[in-house]
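Open the structure in your viewer and keep the selection panel at hand. This tour goes from one selection to the next and says what is there.

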Amino acid sequence: MKYALSINGSQLEADVDPDTPLLWVLRDTLKLKGTKFGCGMSLCGACTVHLDGKPIRSCVTPISAVGSKSITTIEGIGNDTVGQKVQQAWKILDVPQCGYCQAGQIMAAVSLLKQFPQPTDQQIDAGMSRNLCRCATYHRIKAAIHQVADAVKEG
Amino acid sequence: MTTTLNPARRHFLKASAAIGGGLFLGLYLPNIAYAAEAGQMAVLSAHVRITADGVIEIMSVAPEIGQGIKTSLPMVICEELDADWAQVSVLQAPVNSDAFGRQSAGGSRSTPAHFDEHRRIGAAARQMLLQAAAEQWQVPLASLTTQAGIVHHGASGRQLSYARLANQAARQQSPDLASITLKNPADFSLIGQFTSGVDNDALVHGRPLFGIDVELPSMLHAVIHKCPVFGGRVKTVDLASINALPGIRHAFVIDTSSVDSGVAIVADSWWQAEKARRQLKVQWDEGKAKQQNSADFDKQAQQLWRKAPSQITQQVGNVDKAFADAAKVIEAEYAYPFIAHGQLEPINCTAHWQAGHLTLWAPTQNPASGQRQAASAIGIDVNDVTVNVTRMGGGFGRRLFNDYMAEAAIIAKQVGVPVKLLWNRQDDFQHDYYRPGGYHKFKAGIDAQGQLQAFSDHFVSFGNNGRTLLAAGMHAAEFPTGFVPNLQFGSSLIEAQIPTGWLRAPTSNAMGFVFQSMLDEVAHAAGQDPLAFQLALLRRSDAKPQNGFSPQRMAAVLERVAELSDWGKPVPEFHGKGIACYYSHAGYFAEVVQASVNQMGAVKVEKIWVVGDVGQFIVNPSGAMHQVQGAVLEGLSQALYQQVLIDGGAQVSNYHQHKILAMNAVPEVEVEFLATDNPTTGLGEPALPPVIPALCNALFAATGKRVRSLPIKAEMFA
Ligand code: FES
Ligand code: FES
C-alpha cells in the first residue's frame, strides 16, 4: 500500500504493508534513524513521536492508523521553539549517557512542556514515567525540563 | 600518584607528516615493522592529528556505551596538549591494539589503562609544537608558553596557532614519553571541568550513531528465531512457506557449534522478517536444559547446604572451634536471582561479506574478541575481518559477549550483500548472558564484647559439568577475609545449562548484597550501631588486608557518608536508614539509603547519599556523576524488581517482567568524591554494589524485617 505522509513538514511517501508500525516506516523505509526501537510493546517510550502534536508510541502504531495527521520526529523537533530549547538544555546539562532513550525523552519532554509550561516535579513524574532510561539519567532529565521552564518564564 | 607507563605497552612515539601535512602523533610498538612511514598508516594509528587547516582531532580509543569515555579520555589528551576543547573533534578509533592498547569497555578499566599514557601523548604533541615554534623564532623553548591551542612568546608578544606550526612540528624529534614533563595538576583547566558529551549534538537531533542506525546500500534485514529453551536446536522447520511470504529473500537454519541454533530469516525490511517469523513452524530438540527450573534450583540449594561444601575456597584459623567458643552465633540464608542486562538498544550487528572479506559494524564492548569470534564462525582469518565500532545504546557487560557478531557473519556470508541482524526485545531477554543467581548460608560468631571472631559462608552457585559458570564464582578475599581471625568460605554447585556472564560490577553486585547485609545482621545481634561495627572491623589491630585493599580508604568514605547523611539522627516511624560499603574495581564506595515502607508493604526509597574514592582525579565531573547516579539507580532496579526465573529457558519477555526504575520512583542521590593521593581509577561499576545492602539494611531499620532474598517483595513487609 502507498501512504502519503506528512513528516517534519515534508510530504513523503511509503509503500509498505498496512500493519507496518510507523517506527519501521520511519527508520527503515524513510531512513529517519532518530526514533528508536527499544521494546516494541509500548513499554519503554524510545519510539515516541508526535502525531498532530500528541506523543504516541510509534512501535505499536500501524501506518494505516496515521491517516493525514502530521508526524513530528526527533529530526524535526528543533523546528519548534520549545523543541529547540529542550535540545539546548539537554546539551548544556549533558543529559545523555548512552543516549539511546533520549530521542523519546525529548519528544515526551516537549509535549509535557507544551501542556505545562511550568511543570512541578509531580507533573514531570507523571508525564515522564513511561519513558524508561536504562542508564538512569532521570535526575538530569528533570533538571533540564526545569531549566527550559525557567528560561521560558524569564522570557 | 604513580606515573609509570604501562610496562606491558613499551611504546614509542611515532610522529608523522601525513598526506596534506600536519602533525600526526601516535604510538608504535618497536618490534612491529611499520609498513608505511607516513600516509594512511599514520592516519589510522594516530591518537592526535593537528593539520595546517586548523583541524585538531583526538581518537577515542575505547568503545562508548554511555560511560562517557569518548568524552573523558580525549579530554585527558587535550588537557596536556593545551588545545581549545571547543575546537577538538573526537573520532572513534579503529580497532588496532598495537596502536591503541586496550580497546574494550569493561571492568571500569579504560580510565586506569589509558589515563597516564594519554597525558603523556598530549604532552608530547605540545612539546613538538613548542619545539617547532622555538625553531621558527630562534628563541629558547623555555621562553614559550601555550594556551588554548596557541604558542606564545611572551618577550616579543609573538604567537602562532597549533595549525600554523603543525607541519614543522611533525619534523621535530619526538620526545621521550617516559620522561616528558606533565602539567602540574593545579594548572588543569579541562580535567575536572563539567564537560558535555561529544556526541550530544548528534543525539539531540536524532542523527545516526548507534549500531542499529547503520544503513548500507541494498542492505537486507535479518532476524534469528531461536529455541526458548537454552541450547535447544532446530529439529524440523517449514522453510518453504516462509520463503513465499512478501519481502522474504532467504530463510535458512543455522546449526553450527559457534552460535546458538536457530532459523535465520532475511527480508527487504526488518518488519517483514519479524512478521514472517511469527508464522514460522519449527520443532525443537529442546535438549537437557528442558528439565531445569528455578524452584528446583532452590530445593537443590537447601539440600546442598545440609552437606559440607564440595570445595573449601578460603580457610583462616579454626572456624569450628571459634563457633563453639563464641558468645553468640548468628546464622542466615541469602539468595539472589539470575538477572538480565536489558540494555535499551537491542542486540544488532551489520555485516557485509565481499570478495573474501568481512566488514562488521558492531556495537561491541570488546571489538577484538568479536573480530576473532566472527572470523572463526565462518572459518576465515582474523585479518580478513574489519570491525567498525559504533556507539552503543548501553552495554552493562552484555556486549562483552559477541555472539551476535558471529551470527551476523554467518548470515552475511550466506547472503552476500550487506545485512543487518536485529534481535527483538524478547530475543534479548531470552538469550542473554545472565548475571548468575546464587545462595549463601552464613554463620557468624561474636565474643562477649560483640567482636566478630568467626565467619563462614557456604556459597551454592551454578556450574556445568562441575565447572563454575562464568561470573558465578566468588573471590576468596571477599571482605571480611583478613578482618576475622577465623574464617571459612566453601562452595557447592548446582548443575545448570544457562548462559551467564558479566553484568556491571560482576560478582560484586551480588556479593555486596549478601555480605554487607549479613554484617549488618551481625552488628544488630551484637547490639552495635552498624557503622561503628563496620569501622571497628576495618580498624582491627590484627587485620591482614588482602589484594591491596585499604581499610583506611574504606573507613574514610564510611565516615564521610555518615556525616553527610546525619547518620544516627532519628527518623520517622516506618522509615529507616541503612549503611553499606563495598570495594570493587579499585574503587571505594560507602552509601546510606533512607527508605520507608507503607501499610501495603510498598517500599519507597527517599534519599541516597554516596561517597566514593577513586583516586586523585575526576576527569569529567559530569560523566562521573552520571556513572555514580546511574549505577546506584541500577542497583535499586535490581533490588526492587529484577529477576529472571528459569524454566528450561528464561521466563522473561520484555520490560514489564524485568522492570527498570522509572522517573516517579527515583530518589534524590547526593554524591561526593574524596580525592585521595591514589591512582585515578574507573567509575563504571564500583558505586553499584553498596546500594542494594544499604537499602535492605534501611528496610530492616524501618520494619525489623530482614530482606534475605531478592528482589524485594511487598509481602515481606505487609
Ligand atoms: S519501542 Fe515503542 S515503547 Fe518501546
Ligand atoms: S541514556 Fe541510556 S537509556 Fe537513557
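Is β24(B) mostly covered or mostly uncovered? The model you are looking at is a predicted one. Select residues 575-584 of chain B, which make up β24. The strand is mostly covered, with eight of its 10 residues buried.

**The hairpin**

Two of the paired positions can be picked out by clicking. B:Ser584 has B:Gly587 as its bridge partner, and B:Gly576 is bridged to B:Ala595. Together β24(B) and β25(B) form a hairpin, with two residues between them. Select B:His585 in the turn: its phi is positive, at about 50°.

**The sheet**

Four strands of chain B form an open sheet, in the order β24-β25-β26-β29, and their pairing is mixed. β24 and β29 (668-673) of chain B are at the edges with a single partner strand each, so one side of each has no neighbour in the sheet. On average, neighbouring strands here are turned by 15° against each other, direction ignored.

Then select residues 621-640 of chain B, helix α17. This helix lies across β25, β26 (603-613) and β29 of chain B. Its direction makes an angle of about 135° with β29(B).

**Helix α9**

For the last stop, go to residues 294-306 of chain B, helix α9. α9(B) has 13 residues and spans 19 Å from first C-alpha to last, close to the 18 Å expected at 1.5 Å a residue. At its start, select B:Asn293: one of its side-chain oxygens comes to within 3.2 Å of the backbone nitrogen of B:Ala295.

Which residues of α9(B) are buried? They are B:Ser294, B:Phe297, B:Ala301, B:Leu304 and B:Trp305. Look down the axis of α9(B): the buried residues fall within an arc of 100°, so they line one face of the helix. Turn to the face pointing away from that buried side, and you find the exposed residues B:Ala295, B:Lys299 and B:Arg306.

To see what covers the buried residues of α9(B), show strands of chain B including β15 (328-336), β20 (438-446), β21 (452-464), β23 (486-495) and β27 (646-647).

Definitions and conventions:
Residues are numbered from 1 along each chain as its sequence is written. Chains are lettered from A and ligands numbered from 1 in the order in which they are written. This is a predicted model: local features need pLDDT of at least 70, side-chain atom pairs count only at pLDDT 80 or more; totals for chains, interfaces and linings use all residues. Side-chain values use heavy atoms; hydrogens and water are left out. The expected span of a helix is 1.5 Å times one less than its number of residues. Buried means under 20% relative accessible area, exposed over 50%, partly exposed in between (1.4 Å probe, protein chains only). The arc is that of the directions from the helix axis to the C-beta atoms. Contact means heavy atoms within 4.5 Å. A polar contact is a pair of N or O atoms within 3.5 Å; within protein, one must be able to donate a hydrogen and the other to accept it, and residues adjacent in sequence count only if both atoms are side-chain atoms. Two strands pair if DSSP finds at least two bridges between them. Axes are lines fitted to C-alpha atoms, for helices over the stretch in contact, and angles run from 0 to 180 degrees between N-to-C directions.
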